Amino acid sequence: MSAARRDASARLERKLNRRLDARAALDRVRESLPATVQIVVAATIAYFISHDLLGHSSPAIAVTVTISILGFSRDARPRRVLDSAVGITLGIVLSEIALIVIGVGWWQLAVVLGITLLVSRLVSPSVPFAIAAAVQSMLVLLMPPPEGGVFLRSIDAVVAGAVALTVTALIPRDPRRIADRDARRMVSALLESLDSVAAALREAHEPAASLALERLRRTQKHLDAWNESLDSALAIARISPFLRRHLGALRHQAQVLGGLDLAARHLRVITRRISFLVRDGQQRPVLAELFESIRAGIDTLGQSLRKPELATDARAQFAAIMPLLDPAVTLPGAAFNTSIVVHLLRPLLVDLLVATGMPAAEARALLPPA
């Protein structure tokens with residue numbers, strides 16, 4: 001490639017990267033809008049309660065603690081909000097006790113900071129939470145005491161925690177949207193992997209099997225993100241009067257998540273075997289069709305996250321595959337190394353049927369005799 005063409009290619013790549021960066025920045029802003037509204041409303045209410053209703057002249061702690069508790073965390077569960085409120089309030093109380101008992105100085109600062117960090121790590125595994133609690137405790141220790149006594153700031157922290165919990169319930173961030181996005185990413189990753197598996201079997205193409213295996217290994221990060229966002233959505237829907245009606249759909253999503261988690265684990269094992277199997281150069285179109293049928297069922301199951309009634313269609317698709325999970329029927333006369341793939345698909349299909357809402361015993365009863 002000539003220098004001119006390399007320069008043109010590099011310029012095009014930089015241009016595309018800038019566009020992607022700009023799009024990612026806009027996506028971050030759009031995704032942060034609900035959290036921003038929640039934080040602004042909560043901080044304003046906390047200030048109003050402490051300043052206008054309780055008469056605290058400088059309720060900085062009420063505002064900063066509210067912001068620290070809510071933040072932009074993906075985990076918006078009420079339990080996480082409560083843990084943050086308790087931990088930060090405890091740090092502030094410790095600082096105010098230290099002011100009275102040991103005063104202010106370099107060694108007092110070291111003692112209070114160390115205790116606050118250790119207590120924060122005890123309360124929560126979140127590193128940002130520990131830092132937020134430490135910052136709040138240092139503000140209390142170093143700022144001039146307010147009129148009316150030092151413990152007014154502890155009251156402000158309690159106000160902040162109560163407001164944050166109330167706003168979490170009444171002005172939720174609707175984490176369903178985040179959970180839906182995480183679910184789509186997981187389903188897409190599985191579908192792309194199954195496309196590669198089918199191509200590997202149909203064309204005896206080992207690189208396609210390796211690509212499928214690599215994609216399946218990357219599904220764990222999608223599962224972890226989906227599990228976190230879905231837990232948050234379920235926790236908020238249980239206490240929010242505005243989201244409680246979505247509990248049924250969220251529980252269905254949790255059921256699907258459990259099934260797809262197990263499916264991904266099975267598929268990693270199966271695909272690893274297929275990557276060795278196709279090295280003999282033999283095409284296996286019947287096995288490819290079997291995986292294409294499973295792919296179609298998972299696609300329908302993924303669509304059921306938006307339209308739960310489609311779970312019945314996915315169940316019918318998986319049930320139609322069950323009679324084929326007998327090598328004597330599907331692959332008569334096939335070598336053991338080929339027929340074993342059909343045997344490995346049996347627990348996969350059982351888990352997928354359970355994900356559609358079928359009892360496990362009923363799903364296993366559909367399997368042909370081994």
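Modeller: A crossing is left-handed if the near helix is turned anticlockwise from the far one by less than a right angle, and right-handed if clockwise. Helices are DSSP runs (H or I, at least four residues), numbered from the N terminus. This is a predicted model: local features need pLDDT of at least 70, side-chain atom pairs count only at pLDDT 80 or more, and totals for chains, interfaces and linings use all residues. Residues are numbered from 1 along each chain as its sequence is written, and side-chain values use heavy atoms, leaving out hydrogens and water.

Biologist: Are H3 and H5 roughly parallel or roughly antiparallel?

Modeller: H3 spans residues 78-101 and H5 residues 127-142. Their axes (lines fitted to C-alpha atoms over the stretch in contact) lie 8 Å apart, at an angle of about 30 degrees. Angles run from 0 to 180 degrees between N-to-C directions; under 35 degrees counts as roughly parallel, over 145 as roughly antiparallel, 65 to 115 as roughly perpendicular and the rest as oblique. H3 and H5 are therefore roughly parallel.

Biologist: Is the crossing of H3 and H5 left-handed or right-handed?

Modeller: Contact means heavy atoms within 4.5 Å. Gly87 and Gly91 in H3 are among the residues that meet H5, whose side includes Ala132 and Ala133. The crossing of H3 and H5 is right-handed.

Biologist: How is the crossing of H7 and H10 handed?

Modeller: H7 and H10 (residues 247-277) pack at about 25 degrees, axes 11 Å apart. They are therefore roughly parallel. Their crossing is left-handed.

Biologist: Which residue just after H7 takes a positive phi?

Modeller: H7 covers residues 176-203. Just after H7, a phi of about 55 degrees belongs to Ala204.

Conventions. Helix = DSSP H or I, 4+ residues; strand = E, 2+ residues; numbered from the N terminus. Expected span 1.5 Å × (residues − 1).
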